[in-house]
Amino acid sequence: MQNTDNRYARLDPSALSADEISRPSVSYWQDAWRRFKRDKLAIFGLIVIAIVALFAIFGPMLCPYGYEDADFFHVNEAPSAAHWFGTDALGRDLYVRVLYGARISLSIGIVAAAVNMVIGVLYGGIAGYFGGIVDNVMMRIVDILIALPSLLYTILLMMVLGRNIQSILIALCLSSWVGTARITRSQVVTLKHQEYALAGKLAGASDFEILVRHLLPNAMGPIIVSVMFLIPSAIFSEAFLSFLGIGIQKPMASWGSLANDAIPKLTSAPHQMFFPIAAISLTMFSLNFIGDGLRDALDPKLKK
Amino acid sequence: MGKYIFKRVISGLVTIVILITCCFFLMHAVPGSPFSKGEQGVPPEVMQRLNEKYGLDLPLHEQYIRYMSNILHGDLGISYKNTTVQVNDLVGRGFPVSARIGALAVVVSLLIGVALGIVSAVKRGSLFDGIAMVTATIGVCVPLFVISVLLLYLFAGVLKWLPTYGLSTWRHYILPVTCLSFSPIAYIARMTRSSMLEVMQQDYIRTARAKGVSEFFVICKHGLRNAILPVVTYLGTLIANLLTGSFIVERLFAIPGLGKYFVDSITARDYNIIMGVTIFLGIFVVTCNLIVDVAYGIIDPRVKMDE
């Protein structure tokens with residue numbers, strides 16, 4: 001007797017593998033990187049920043065002029081083969097000064113963001129983890145700090161510390177960690193009741209270990225995004241202060257102070273203004289694009 | 001509601017007291033007496049008399065109490081560089097000018113920003129939307145001083161359409177107000193656009209359309225009223241941004257406002273003026289934030305008052 005019921009037909013062997021996981025599993029960070037790579041603007045920003053950084057590091061070495069070499073026979077010159085970006089009122093080469101400005105701006109951005117990340121993450125982490133009265137007191141302090149524009153504190157601190165690159169850094173580091181602290185706190189508050197934190201506690205881990213080894217790594221995505229936006233805001237604050245003439249002091253140059261020096265000759269020698277503001281605009285654009293890309297990659301829920 | 005407002009007022013007052021305290025001790029941490037700087041050759045007897053006159057020979061805590069009580073009486077002190085200048089006069093002269101420009105900038109940013117955001121959201125994906133959002137990205141990223149310098153160069157330097165400094169006619173207001181409102185417009189437009197897009201997908205919008213309400217009313221009455229809420233929360237930040245922005249714009253356009261006096265006194269290291277103006281600005285910002293918070297509570301009933 002022939003079996004005509006095709007319900008019992010042999011299965012195609014390829015169907016058996018349908019349940020198998022055919023691709024390697026992707027971690028959070030690999031997934032984020034995959035999303036980030038797809039963002040063309042963010043990649044563009046990354047490339048621009050890499051180029052600016054390379055020029056800032058190696059450019060001055062390859063340039064025949066120093067940033068304070070005055071040449072009184074060639075003042076206020078337009079861009080030429082000898083001086084790519086022209087010269088300023090004292091005959092100093094603008095190209096090399098813009099490159100030194102890049103060094104100052106980028107290092108201020110990176111150092112301020114790093115220090116702010118450490119302060120903000122620890123502060124917010126402690127407030128969020130311990131909760132109760134600790135949290136209440138610490139967050140009221142943050143509320144007070146956030147109620148006023150941070151540039152006001154920065155200016156006040158600069159007055160006391162003196163006008164140089166170190167005091168700009170200290171002032172920026174002391175005044176702009178509050179945003180990171182708030183984000184870290186809200187992350188830690190939601191994460192601390194997760195099972196793995198409880199498991200860690202049962203295994204005998206100290207509060208500090210649970211916070212640093214278990215909670216903070218899981219809160220890293222939003223923290224990195226907020227720190228990434230601190231870099232352009234630190235660069236902006238430095239440029240703001242230097243543009244007002246209360247930041248970097250002569251003969252040092254930053255993009256803000258170069259723009260400040262160029263104001264009186266805005267109509268007669270506009271190139272002196274053009275190069276520093278082009279450099280800062282390009283950098284700000286790129287950093288913001290990277291930040292947007294990171295936010296979309298690390299925090300897909302936020303994407304609009 | 002009353003409890004909420006009371007809490008906000010108390011926290012605002014604490015903020016101001018801490019600001020004054022920090023200012024006072026920071027400025028006293030600066031080495032030397034205010035009169036020893038820049039005035040070489042002042043005989044010791046004169047120094048003595050000056051210190052006595054301004055109470056600088058008193059112990060620190062007595063000076064602090066004195067300064068606090070002066071502020072409570074509305075006296076922000078005098079300039080130590082030029083003792084005929086009172087900080088109150090400076091604020092009285094500079095603040096109305098700054099406030100006029102600032103208020104114009106707030107109005108302009110709100111009107112243009114919200115309008116751009118609505119049109120972009122309604123015509124999502126169109127050429128207008130594309131151009132508006134690219135411009136908004138520029139406005140958000142590029143620092144204020146870059147925009148100000150470019151506008152100054154273009155409209156006052158090359159085209160010579162607008163005056164470069166002073167504030168005598170209405171034409172003088174155009175450039176400073178444009179510079180100040182450029183990046184707020186960008187922020188508000190982006191914010192309005194994204195919240196408008198969200199609101200327009202809600203059920204009540206569909207209901208309104210199904211009832212046959214005209215598209216204009218759907219957008220303006222049902223859509224905008226809900227989409228505008230995030231913009232209201234941004235107002236506090238906006239005022240703080242305009243305040244620091246005024247330092248740059250007033251300096252660049254030589255406008256005799258509070259921002260210019262403040263920057264001048266920083267350059268001249270006139271600590272008492274810096275302190276007085278900072279405290280004034282602090283009180284101003286805290287008050288504005290308080291008003292915005294309370295207004296938000298009234299506009300949006302969903303806000304929990306006890307938080």
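Arg140(A), Asp143(A) and Arg182(A) are joined in a network of salt bridges, a salt bridge being a side-chain nitrogen of Lys or Arg within 4 Å of a carboxyl oxygen of Asp or Glu. This is a predicted model, in which local features need pLDDT of at least 70 and side-chain atom pairs count only at pLDDT 80 or more, while totals for chains, interfaces and linings use all residues. Residues are numbered from 1 along each chain as its sequence is written, chains are lettered from A and ligands numbered from 1 in the order in which they are written, and side-chain values use heavy atoms, with hydrogens and water left out.

**Salt bridges**

- Over all chains, the structure holds 10 salt bridges.
- Helices (H or I, at least four residues) are DSSP runs, as are strands (E, at least two), numbered from the N terminus.
- Asp143(A) is partly exposed at 27% relative accessibility, and Arg140(A) is partly exposed at 44%. Here buried means under 20% relative accessible area, exposed over 50%, and partly exposed in between (1.4 Å probe, protein chains only).
- Arg185(A) forms a salt bridge with Asp135(A), with the closest N and O atoms 2.6 Å apart. This pair links distant parts of the chain, 50 residues apart: Arg185(A) belongs to helix α8 (residues 178-191) and Asp135(A) to helix α5 (residues 132-146) of chain A.
- Arg185(A) is partly exposed at 24%, whereas Asp135(A) is buried at 11%.
- In chain B, the side chains of Asp293(B) and Arg8(B) form a salt bridge at 2.6 Å, N to O. The two residues are 285 residues apart, with Asp293(B) in helix α12 and Arg8(B) in helix α1 of chain B.

**Contact between chain B and chain A**

- Chain B contributes 43 residues to the contact and chain A 35 residues, where contact means heavy atoms within 4.5 Å.
- About 3500 Å² is buried between the two chains, and carbon and sulfur atoms give 82% of this area. Buried area is the accessible area (1.4 Å probe) that two parts lose on being put together, summed over both.
- The side of chain B that touches chain A divides into 31 nonpolar, 9 polar and 3 charged residues. Ala, Val, Leu, Ile, Met, Phe, Trp, Tyr, Cys and Pro count as nonpolar, Asp, Glu, Lys and Arg as charged, and the others, Gly among them, as polar.
- Across this interface the rule finds 0 salt bridges.

**Helix α6 of chain B**

- α6(B) has 15 residues and reaches 20 Å from its first C-alpha to its last, close to the 21 Å expected; the expected span is 1.5 Å times one less than the number of residues.
- The buried residues of α6(B) include Leu144(B), Phe145(B), Val146(B) and Gly157(B).
- Among the elements covering the buried residues of α6(B) are α11 (220-243), α12 (255-262) and α13 of chain A, together with α7 and α10 of chain B.
- Lys160(B), whose phi is positive, near 55°, follows α6(B).

**A buried serine in chain A**

- Ser286(A) lies in helix α13 (residues 271-298) of chain A and counts as buried at 1% relative accessibility.
- Leaving aside residues up to four places away in sequence, Ser286(A) touches Gly45(A), Val48(A) and Ile49(A).
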